[in-house]
Amino acid sequence: MRAGALLAICGIALLAAIPIITSGTYYTFLGIIVFIYGIVAIGLNILSGYAGQFSLGHAAFMAMGAYTTAILTKALATIPFFATSGLHIWLGITCGTTIAALSGIVLAVAALRVRGPYLAMVTIAFGWVIWKILQEWVAVTGGDLGISSIPKPQVGSLRLNTGKFYYAVMAFFLTALALQYRLIYSPFGMRLRAIKHSEIAVASVGIDVYRLKVVVFVISAAFAGFGGTLFAHQQNYISPDNFQFFSSVFFLLAVLFGGAATMFGPVIGAAVLMLLPEMLHDFDKYRLIVYGVLILVTLYFLPRGVVGLIDHLRPRRRKAVVPVPRVAKEMAADLPPTAGASLEINGISHAFGGLQALNDVSLEIAVGSVHALIGPNGAGKTTLINIISGVYAADAGSMHLDGTRLQSDSLHAAASRGIVRTFQTLKLFGNMTVLEHVVIGMARHSRAHLGHMLVRSGRDRRERATQLAEAHALLGLLGIAQLAEVPASELAYGHRRLVEIARALAVRPRILLLDEPAAGLVAEEIAALAAVIRRLKGIGMTILLVEHHMELVLNVSDRVTVLDHGGVIADGPPSKVCREEKVIAAYLGSSREAA
Amino acid sequence: MKLLEVKNLHVGYGELEVVHGISFSVSRGEIVTVLGTNGAGKTTTLRSIAGLIPPGSGSVTLGSARIDGCAAHDIAARGLALVPEGRQLFPEHTVLENLQLGAYQALRAGRRAEFKTSLAEIFELFPRVHERLDQPAGVLSGGEQQMVAIARALVGRPQILLLDEPSLGLAPIVLRTIFDTFTALKARGLTILIVEQMAWLGLKISDYAHVLENGRIMLSGPPKDLAANPRVMQAYLGGAT
């Protein structure tokens, strides 16, 4: 990172030199605006780029910040104490940011029930409403005329002119960049990056996805509000025109143009899109057309943004391929004993439209046992797992976890009770590394909150160190320790399955639901998986195993339940169940070759 | 006569090379199986032959024409069909619609009669597909979906069929039906290349087999010879358990 540090110092020095090497205040003024837009774009990048939640209403949060500080500071400026101490400015900035964050909560709670294009629609509507209020509530906002003579920023009695304010805003901007970095690479950041790829999988490790999204939204709104307050004090004059729909589009464009989900992308985007029209002054009335065409062309040729292009062009050495050892060799990993739970399922029925997927299914899964659930494709096995893990609510019937009635109304609620699952149709987090998957699985046991992570407190450091060690141990247990740093999207199918299992184990389940864990594994890997399952049983975990590889089922399970057409057709010890006529006819086929 | 010939094929993803120069061929009317562990490069090899990943270097010849570097739809039009890992059907579309998409080239050229004939042949092979024709592919059971995936590849009347782990996630009773089909297809003159982890299934029906490890072919031979090899026994046939 030497070269990186050097580059950063040069960059900062260059930015700091701008007011000195340029004459007049024009470029300094542009610099301030670029920093402010950069701060807002960083906030939007966290929400839209990293977490994948698109907002087209960020100008409204900027407006919240700007108007709050404008109104407040103007009122306080008449009081001599504030006029001499300059505290009203900083109070205004703080209040403006807070109000923006609070309105972020209000919007997020309502808007985040929906996803994708619908979320974008709700944020557009929000932006529109705020804009309209600014226009119509003349008594407070001044209507279309806006608010003028907003106090200039000052520290103590020292007024910050454009040249001095530049350095203050630059410091804020660099802090925003640093915060983005801290946030994104913290365990919290891993979680928020993961929801972009699979909300269901995030919920499956016990994380309340809705709450997480609200928090991210609020952080993003706070960045925008903060940018808005700086904007108000820089401009001294604000009006609804500054916060139109187009401004919101501008910020999203800046993120996409520069490179969504990259550290510097939003900043580069904001700088280019801001400075471009200034440089196009010569084109005069064709300015907007040239601007539009340039954006269109760039987005077409740079689908991953400017930073994506730089990444693409940078020469890289070809990584040597790490040969993949075949069997789990690091079985020595220490696993803490687990208090397994029993699960009693009584008369569960569930229908999809006219299809009765499960019909009065009852089974008892004993504490610390491996219970296999087998049956033909379409028999209802996955549906049952979905019901146990809280994805669906059963139409009829009841479940008891350790004797107490189980009301699993959501995946994360089930996971927080210790019922953790894997997915037959894999749900991994795109290009996040294998190690990150496992660390995300540990969220439920994390005691460090966002504040700890941002300041990198002692607790945060210790916790991350333990989490990493535990994660490596879990990967070792599953025989994929050497893949820790590989993006999941580059893994072979069978290895992706093992990552799912590792992530589920990271939650420290009391009952582990494995949905076809051996699909895509070769015999040797299945043998290793069998050893892992026995080991988990050994530490006391209860396991429900849905699987087609009969050899594995026979090897590890204490009890087998056979489902066919949504009903139980056999139940008992594996050796007995396999000999039953019904099971052979419905599932195994006439000869036992299939094992 | 060689129908598909792969020579010194290198394939990778960005900076990571996965397949390091493998060579093998499939003769007309033959079933060839490639075995290998996870991460060995099997899927990468198939996808590269089918034109979904551009090969880094080496050549792939189909019949007499070089197809490496051709676009995937071009290669499909030349008579190479891939049944991808995990089936990849269009779940909201009916079975018939899925099959129509498979016959895209023929239907676009207006050869409806040819599509009808292909369908009739497929129904003979998979009566279940006929029964389910109007249902959305997503509601079918795993075995039925695999049949539809194979049928979708067959309606294009390929010269050679590439299958990526046809056994994945299937109940034992369905496995046999699916693998019996391959023998039936071979009897009709189709050439088949299978990538499979359930080694005993693949070995039983194939004429020749290769073992791929860490992106290189480590062993090749008739299935009988491979099945007798202790290393293959242990790793793929479950000799160790």
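Chain B has 11 helices and 10 strands; helices (H or I, at least four residues) and strands (E, at least two) are DSSP runs, numbered from the N terminus. Its radius of gyration is 17 Å, close to the 18 Å that the globule rule gives for 241 residues, so chain B is as compact as a globular protein of that length. The radius is taken over C-alpha atoms, and the rule is 2.2 Å times the number of residues to the power 0.38.

This is a predicted model: local features need pLDDT of at least 70, side-chain atom pairs count only at pLDDT 80 or more, and totals for chains, interfaces and linings use all residues. Residues are numbered from 1 along each chain as its sequence is written, while chains are lettered from A and ligands numbered from 1 in the order in which they are written.

The C-alpha trace of chain B spans about 45 × 40 × 35 Å along its principal axes. Of its 241 residues, 47% are buried. Buried means 20 or more other C-beta atoms within 10 Å of a residue's own; exposed means 12 or fewer, and partly exposed lies in between, with C-beta atoms placed from the backbone. Two residues are in contact if their C-beta atoms, placed from the backbone, lie within 7 Å. Among contacts in chain B with a separation of 6 or more, 67% join residues 24 or more positions apart.

Now the interface. Here 33 residues of chain A are in contact with 32 residues of chain B. On the chain A side, helices H21 (493-506), H22 (523-538), H23 (550-556) and H25 (581-588) each give two or more residues. H22(A) gives the most, with four.

Chain A itself is assigned domain 1 (25-245) and domain 2 (343-445 + 457-594). These bounds come from an automatic or database domain assignment. The C-alpha centres of the two domains lie 44 Å apart. Their contact takes 16 residues from domain 1 and 21 residues from domain 2 of chain A. On the domain 1 side, helix H9 (187-197) and helix H10 (199-204) of chain A each supply at least two residues. H9(A) gives the most, with six.

Helix H8 (residues 162-184) of chain A comes last. At 1.5 Å a residue, its 23 residues should span 33 Å; the end C-alpha atoms are 32 Å apart, which agrees. The expected span is 1.5 Å times one less than the number of residues. Buried residues of H8(A) include A:Phe165, A:Tyr166, A:Met170 and A:Phe173. The buried residues of H8(A) pack against helix H1 (2-21), helix H2 (26-50), H9 and helix H11 (209-235) of chain A.
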